[in-house]
Amino acid sequence: MPQPFLFSGKRIAGCAGAHQKAHQAREHDRVHGIVPDRGHPISRGFACHKGIAALDIHRDPDRLSAPQKKLPDGSFESITWDLAVQEIADDLARIRDRHGPDAIGFYNGNPLAFNSLATPAVGSFMAQVGS
């Protein structure tokens with residue numbers, strides 16, 4: 001099943017698990033537009049508004065491009081992905097050690113529920129945590 005907002009080659013997958021497909025208009029390795037694939041046997045050119053808006057979302061000037069860490073004064077600073085992952089792992093280990101593995105959970109709903117790779121990944125993660 002295609003994944004939501006996955007830019008790859010000449011297509012962008014649809015959203016909400018509808019097996020949608022759209023083509024990207026590319027020039028010099030930059031996507032200039034997204035249009036539904038009318039020849040797709042399942043979607044027949046239907047594309048969710050979120051899929052069509054993916055390029056606008058990607059280019060939004062307010063879009064975060066790096067992890068943000070909240071500081072004691074309430075402000076945020078950009079940090080590296082490696083540092084963010086390490087700090088999250090440390091926090092989760094501390095929670096698990098202090099409160100047990102059942103203190104860690106996850107929410108499964110839209111759009112995660114329609115992502116064919118996310119649910120198995122979350123299940124594997126929860127198994128590793130012991131929850």
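Let me begin with how the model is to be read. Residues are numbered from 1 along each chain as its sequence is written, and side-chain values use heavy atoms, with hydrogens and water left out. Since this is a predicted model, local features need pLDDT of at least 70 and side-chain atom pairs count only at pLDDT 80 or more, while totals for chains, interfaces and linings use all residues.

The term pLDDT stands for the predictor's confidence in each residue, on a scale from 0 to 100. For this chain the mean pLDDT is 78, and 77% of the residues reach 70 or more. Over residues 1–14, however, pLDDT stays under 50, and for that stretch the model has 48 contacts beyond four places in sequence, where a contact means heavy atoms within 4.5 Å.

Now to the elements of the chain. Helices (DSSP runs of H or I, at least four residues) and strands (runs of E, at least two) are numbered from the N terminus. The chain holds four helices and six strands, and along the sequence they follow the pattern β-β-β-β-α-α-β-β-α-α.

How much of the chain is buried? In this talk, buried means under 20% relative accessible area, exposed means over 50%, and partly exposed lies in between, with a 1.4 Å probe and protein chains only. Of the 131 residues in the chain, 23% are buried. The chain exposes about 9,200 Å², of which carbon and sulfur atoms supply 56%; these areas come from the Shrake-Rupley method with a 1.4 Å probe, and for residues only the protein chains shown count as cover. If we look at contacts with a separation of 6 or more, residues 24 or more positions apart account for 28% of them.

Next, the salt bridges. A salt bridge here is a side-chain nitrogen of Lys or Arg within 4 Å of a carboxyl oxygen of Asp or Glu, and a search of the whole structure finds three.

One of them joins the side chains of Lys69 and Glu87, at 3.1 Å from N to O. This pair links distant parts of the chain, for Lys69 belongs to strand S5 (residues 68–70) and Glu87 to helix H3 (residues 81–99), 18 residues apart. Lys69 is partly exposed at a relative accessible area of 29%, and Glu87 is also partly exposed, at 24%.

Another is formed by Arg94 and Asp91, whose closest N and O atoms are 2.3 Å apart. As a general point, an α-helix has 3.6 residues a turn, so residues three or four places apart point the same way. Arg94 is partly exposed, with a relative accessible area of 42%, and Asp91 is partly exposed at 37%.

There is also a salt bridge between Arg96 and Asp97, with 3.9 Å between the closest N and O atoms. Arg96 counts as partly exposed at 32% relative accessibility, whereas Asp97, at 61%, counts as exposed. Arg96 lies in helix H3, and beyond its neighbours within four places in sequence, Arg96 is in contact with Pro101, Ile104, Gln128 and Val129. Arg96 and Ser131, though 35 residues apart in sequence, have C-alpha atoms 9.1 Å apart.

Just after H3 comes Gly100, which takes a positive phi of about 90°.

That brings us to helix H4, residues 118–129, whose 12 residues should span 16 Å at 1.5 Å a residue, in agreement with the 16 Å between its end C-alpha atoms; the expected span is 1.5 Å times one less than the number of residues. Which residues of H4 are buried? They are Ala118, Val122, Met126 and Val129. Seen down the axis of H4, these buried residues fall within an arc of 70°, so they line one face of the helix, the arc being that of the directions from the helix axis to the C-beta atoms. What covers them includes H3. On the face turned away from the buried side, H4 carries the exposed residues Pro120, Ala127 and Gln128.

Ala118 has a relative accessible area of 12%, and its C-alpha atom is separated by 9.5 Å from that of Asn108, 10 residues away along the chain. After H4 comes Gly130, with a positive phi near 95°.
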